[in-house]
There are 2 protein chains.
Amino acid sequence: MLDHLLNPTVKDATQFIGRYKSSRVIVIYGQVEATYSGRAAAQLRLMPRLIITKPDGVLMVHEGYREKPVIWNPPGSQLFVSVDGDVLVLRSIRYSPREYVTIRIHKVYMVSSMEIGLTEDFKVIGTEKDVVDAIMANPSLVEDGFKVLSREYETMVGSIDILGEDKLGNLVVVEVKRGEASPEAVHQLKRYVEYIKGKNPGRGVRGILVATGISTSAYRYLKDYGLEFRRYTHANIINYT
Amino acid sequence: MLDHLLNPTVKDATQFIGRYKSSRVIVIYGQVEATYSGRAAAQLRLMPRLIITKPDGVLMVHEGYREKPVIWNPPGSQLFVSVDGDVLVLRSIRYSPREYVTIRIHKVYMVSSMEIGLTEDFKVIGTEKDVVDAIMANPSLVEDGFKVLSREYETMVGSIDILGEDKLGNLVVVEVKRGEASPEAVHQLKRYVEYIKGKNPGRGVRGILVATGISTSAYRYLKDYGLEFRRYTHANIINYT
DNA sequence: CGTGCCAGGTGCCCT
DNA sequence: AGGGCACTTGGCACG
């Protein structure tokens, strides 16, 4: 199930990788230099690093710190293994946009591989969708008397999370953020409100930002624009998901 | 330099991880279940997976596909190792925001570790900063006769990449994007232009979006708003970085 | 396949 | 520590 080679020859390592690269996750500890070129470009000098490949084409070069790889190609890339003298060479091509990663491994300390699956039904709880779902099920989470007219209402300037109506008959644009609302979210809401106002002359239009919190600067914009904020907590929505 | 254990006992694996967790990268192949809770929540049932820890506190649970870990905690988190019967337990705490990852490893196929450094002077070429640098060095990249007045000009609605003046004395707001410009970039530029117009009544104010390309919808907004687009290619700027 | 947008985004720089 | 923003953003759903 788990296969590995310690201090393999270049030839053995090449064979190992060739055998498993399209069906398994492969982990390589090695003395590595690497380059990336495409939309941008970067270069890494020789140093011990960790290489990971996955059967979907993922290629990552990890260093000793940080969560993200320092150089990578995403799923859908194609991996080629070859030998250049004493150096094991991995080349990865991403096709759209065109991006190249070349890894030269001067010394392989270990290469290992195991078949690893994918959690098909993986689900994160507490996403924006969950919040919108909860509001759809219980509109009063926005405010008393709120009625939903439409979800994901498409406009020329983007799609509105929820378009509704308050108890006085005003149109209400609701923008939902799953976390701390940023100024960008306020600008977004303002755009929607202006669009709806333009489409419904003479009718009252309000904008409500629903989020777990809001930054001070975002709150300032919000007030300047005459928009409103409604805080929710996980506890508010958990009963409706 | 490289250390590893094959099919270790829980006790040995625990010792191994405890010994290296604050100084080295550790890779574990194992039969794993995991939970995450914090701003959101998620759960993984027992399955073979790949665990990686780094001395800066990074903890990642990788599956057989995708570039990103399915569950993780970022740098700055703290890792605790313990044993629960026959199960190796990794608990990770991120402090701000408070988030918990718990990994239960029912079978360790292999645990390995190596000291890996960090490329201190790592530099990506072709970022937005590079483009702005190039314009600062050669303002005519924006247009003939363009003069820079200020970089990162701070306004109430965000910071303007470059504020300048054209040969006719109009103020020019320049927004730089390193890739394909999205509608969001156009809205951003529009905000800045409106702000500058408000601050400089009676003065001509233009807005120019500088990017390698622009999406069709973004271009429509741009034209609607009376803004301008200036394409650049990597070749344009490479001489000035 | 591009287009749009959320994400537990992460990382970087600044206050 | 928190704010603001770029990112080779990645990932997903949808036209």
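1. The crossing of α3(A) and α4(A) is right-handed (the near helix is turned clockwise from the far one by less than a right angle). This is a predicted model, in which local features need pLDDT of at least 70 and side-chain atom pairs count only at pLDDT 80 or more, while totals for chains, interfaces and linings use all residues. Residues are numbered from 1 along each chain as its sequence is written, chains are lettered from A in the order in which they are written, and side-chain values use heavy atoms, without hydrogens and water.

2. Helix α3 (residues 183-199) and helix α4 (residues 216-224) of chain A have axes that come within 8 Å and cross at roughly 20 degrees. Axes are lines fitted to C-alpha atoms over the stretch in contact, with angles from 0 to 180 degrees between N-to-C directions; helices are DSSP runs (H or I, at least four residues) and strands likewise (E, at least two). The two helices are therefore roughly parallel to each other (angle under 35 degrees).

3. In this contact (heavy atoms within 4.5 Å), α3(A) contributes A:P183, A:V186 and A:H187, and α4(A) contributes A:S217, A:A218, A:Y221 and A:L222.

4. Around DNA strand C there are 25 residues, of which A:E67, A:E128, B:R39, B:W72 and B:S217 come nearest; near denotes a heavy atom within 4 Å. β5(B) supplies the largest share of this surface, three residues.

Definitions and conventions. Parallel < 35°, antiparallel > 145°, perpendicular 65-115°, else oblique.
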